[in-house]
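Hello,

Here is the structure I promised to pass on. Please open it and keep it beside you while you read my notes below.

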Amino acid sequence: MSDRIFGGFGLALAVFYIWAASIIKDSFMVDVIGPRAFPYIVGSVLFICSLYFIVRPDDEPKWPALNGLMEIMVGAAVLFVYSWALPEIGFLISTVFATAYLTWRLGTTPLWSFVTGVGTSVGIYVVFHLILGLSLAKGPFGI
Amino acid sequence: MDILSLLANGFAVALTPQNLMLAFLGCFLGTLMGALPGLGPANGVAILIPIAFSLGLGPTPSLILLTSVYYGAMYGGRISSILLNIPGDEPAMMTCIDGYPMAQQGKAGQALSLSGIASFVGAFFATCGLVMLAPQLVKIALLFGPAEYFVLFTVAFATLGGITSTNQAKSAFAAALGLGIAMIGSDSQTGSQRFTFDHIHLYDGIDFLIAIVGLFALSEVFIFLEHHRSGSVTSSNVPKVTKILPDLKMLKSCIPTITRGTGLGFFAGVLPGAGASLGSFLAYSLEKQTVDRDGKTFGKGDPRGVAAPEAGNNAASGGALVPMLALGVPGSGTTAVLLAVLLQLNITPGPLLFTKNPDVVWGLIAALFIANFMLLAMNIPLVSLFTRVLLVPTRILMPVVAMISFVGIYSITGSTFDVMLMVGFGLAGWLLRKLEVPLVPVILGILLGNQMEVNMRRAMTISDGEWSVFVGSPLAIVLWIIAIAGFVLPMLYGRKVKARMEAASKEEIVKN
């Protein structure tokens, strides 16, 4: 069943892709087959493969239980918030929380997770910024 | 003799203090990453690419650093196979079968050093093979026109699933997905905006590094989150590594084994779509067929069962560099990531690389030789240091890896949009893995998409719109035959070969 749903999404994606390719505007430069031909081929391959998934689905994959799925969703949300927070509150502070969250969810006690968060954040800051000179996101305090 | 003088120049490039240090650092980090379960060579190199660039290293030094990581990871994979019965990366799977029983018999040190020597021999001769074979392949590749190149890219995608692929439609879907992503941005030929929907962040297309780090490294983090708590592999029962030198008798008895493993592994590496996993599998099963037909000692800690797959796996990783450097077409996930390194450095691999940037090619090859000796030196006496790394629990390690990926991507793009895109790729990678859609074709599609299209359009321009140009030369027809065979054969034999590989490792789990 999962493969059939996946195939359905694939079909929608392929149709959308081909439509998006059809509205590519020509520029003043032209070549023989233009900018649309290759995307059409790619879209068709997507379409045919998706049809195959619907007709001949594989065995059902092992989906995680609901709490496992939640785990991933919340994890992804935390990482999205982290990406957004990087330029807002700076690398040092946001990394403490992001690392602490992930470490905690992978089974460390909350206190130790926080300690790991601080350690990771400071460690990366020292190695990558102070020693190697990489530019990290700066927050309101300049760090 | 031409090759030797070129190689000598390469050594002159590689033997500067800075490059030697980078090679050392790469070998060390690589072995570490290989040894840690869940962080394979592709992940390791992927995370380090953006960091190498933000450091402002030149092309040759970055390449030396990253290929040392690649070789190092191939060495490192065996450590957790032998000590914990958990392969550090996929190619090290076969090493578990005899390596773990050896460790249980108190011969962990010998197993480690023997496999280290086998890895060295495999990688050393494969690098020699690379020196011989790549320039020959370049001569053929120079005959390629745009049409042949287009077909060659098709061959790469058709064979990438490899003989173990069970669902070719999923490989093809993955490749099309990657090619589709590569089309986003302004068209290189005419300048038209494609699939950007007037979104300014998309005008330059999607940086392949974002896709690679997201799909490989971050999806791994999500996999760990899914299996949280069970994901910690650490156990207090890491066997003590005592005697770290193999006795000469054992080593001597393994010489023929290592020789066979090296030959087979190199062959498997050069072939498109085979790669290191198949190299070690072939080496192990052939060795078992040759010296232990009745299954008396193999699987119970036979040193030859450790030497064969390690020689095979490392020889294959050297062999896989041949098509990547000479044709610009990688045959495995890790070499695809190395291709990303070259593209990021504005170096187009392929036949012209050997004439235009000989210092890069030969410097790289010389660095491989140097890295190999360093790895041998590192892996025999320092092996107990690496085994200690296995004590770091994954629950602490994975978040650190995730944060380093963020640091890398943020430092090269400096854009929140791109970092979020990476998280999106991570989620997509998790989903695709669950559905058993391979990720390597996606990456390769993103990397090669534009070149593939450019070659198609050039060929069509030359032929003035005649599609028959793609079957217009004997070379193109031969390539089509390879592509079709490579795509169809796994449909017929894929399940069988995969079932045998799985049976081999299951058998061993039952025994323990």
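**Where the chains meet**

The contact draws on 65 residues of chain B and 68 residues of chain A. Please bear in mind that this is a predicted model.

Start with the area. About 5,800 Å² is buried between chain B and chain A. Carbon and sulfur atoms give 79% of that area. On the side of chain B, the residues that lose the most area to chain A are B:F173, B:L225 and B:M403. Together they make up 12% of what that side buries.

Next, the polar side of the interface. Eight residue pairs are in polar contact across the interface of chain B and chain A, with both residues at pLDDT 80 or more. Which elements of chain B give two or more residues to the side that touches chain A? They are α3 (41-54), α7 (168-182), β2 (193-194), α8 (208-226), α18 (394-413), α19 (416-434) and α20 (440-462). The largest share comes from α18(B), with 13 residues. Sorted by class, this side of chain B has 39 nonpolar, 16 polar and ten charged residues.

One residue to look at here is A:T103. Helix α4 of chain A (residues 91-105) holds A:T103. A:T103 has 0% relative accessibility, so it counts as buried.

**Salt bridges**

Side chains of opposite charge can pair when their charged atoms come close. Over all chains, the count comes to eleven salt bridges. Two salt bridges are found across the interface of chain B and chain A.

A:D3 and B:K170 form a salt bridge, with their closest N and O atoms 2.8 Å apart. This pair crosses between chains: A:D3 is in helix α1 of chain A (residues 2-22), and B:K170 is in helix α7 of chain B. Are these two buried or exposed? A:D3 counts as buried because its relative accessibility is 2%. B:K170 is buried too, with a relative accessible area of 2%.

Now look within chain A. The side chains of A:R105 and A:E71 meet in a salt bridge at 2.6 Å, N to O. A:R105 is in helix α4 and A:E71 is in helix α3 (residues 66-89), so the pair ties together parts of chain A that are 34 residues apart in sequence. Both A:R105 and A:E71 are buried.

B:E226 and B:K434 meet through their side chains in a salt bridge at 2.9 Å, N to O. B:E226 lies in helix α8 and B:K434 in helix α19, so this pair ties together parts of chain B that are 208 residues apart in sequence. B:E226 is buried, at 10% relative accessible area. B:K434 counts as buried at 14% relative accessibility. Elsewhere, salt bridges that share partners join B:D187, B:R194, B:E453 and B:R457 into one network.

**Cysteines**

How many disulfides does the structure hold? Over all chains, it holds zero. B:C254 is in no disulfide, and the nearest cysteine sulfur, that of B:C96, is 18 Å away. B:C254 is buried, with 0% relative accessible area. A:C49 counts as buried too, at 7% relative accessibility.

**Two backbone angles**

Most residues other than glycine have a negative phi. B:F195 has a positive phi, near 55°. B:F195 sits in the loop between β2 and α8 of chain B. Its relative accessibility is 8%, so B:F195 counts as buried.

B:D464 also has a positive phi, near 60°. Its place is in the loop between α20 and α21 (474-511) of chain B. B:D464 counts as exposed because its relative accessibility is 65%.

**A buried leucine**

Last, find B:L66 in helix α4 of chain B (residues 59-84). B:L66 is buried, with a relative accessible area of 0%. What does B:L66 touch, not counting residues up to four places away in sequence? Its contacts are B:V45, B:L48, B:I49, B:A52, B:L338 and B:V341.

Best wishes

Notes:
Residues are numbered from 1 along each chain as its sequence is written. Chains are lettered from A and ligands numbered from 1 in the order in which they are written. This is a predicted model: local features need pLDDT of at least 70, side-chain atom pairs count only at pLDDT 80 or more; totals for chains, interfaces and linings use all residues. Side-chain values use heavy atoms; hydrogens and water are left out. Contact means heavy atoms within 4.5 Å. Buried area is the accessible area (1.4 Å probe) that two parts lose on being put together, summed over both. A salt bridge is a side-chain nitrogen of Lys or Arg within 4 Å of a carboxyl oxygen of Asp or Glu. A polar contact is a pair of N or O atoms within 3.5 Å; within protein, one must be able to donate a hydrogen and the other to accept it, and residues adjacent in sequence count only if both atoms are side-chain atoms. Helices (H or I, at least four residues) and strands (E, at least two) are DSSP runs, numbered from the N terminus. Ala, Val, Leu, Ile, Met, Phe, Trp, Tyr, Cys and Pro count as nonpolar, Asp, Glu, Lys and Arg as charged, and the others, Gly among them, as polar. A disulfide is a pair of cysteine sulfur atoms within 2.5 Å. Buried means under 20% relative accessible area, exposed over 50%, partly exposed in between (1.4 Å probe, protein chains only).
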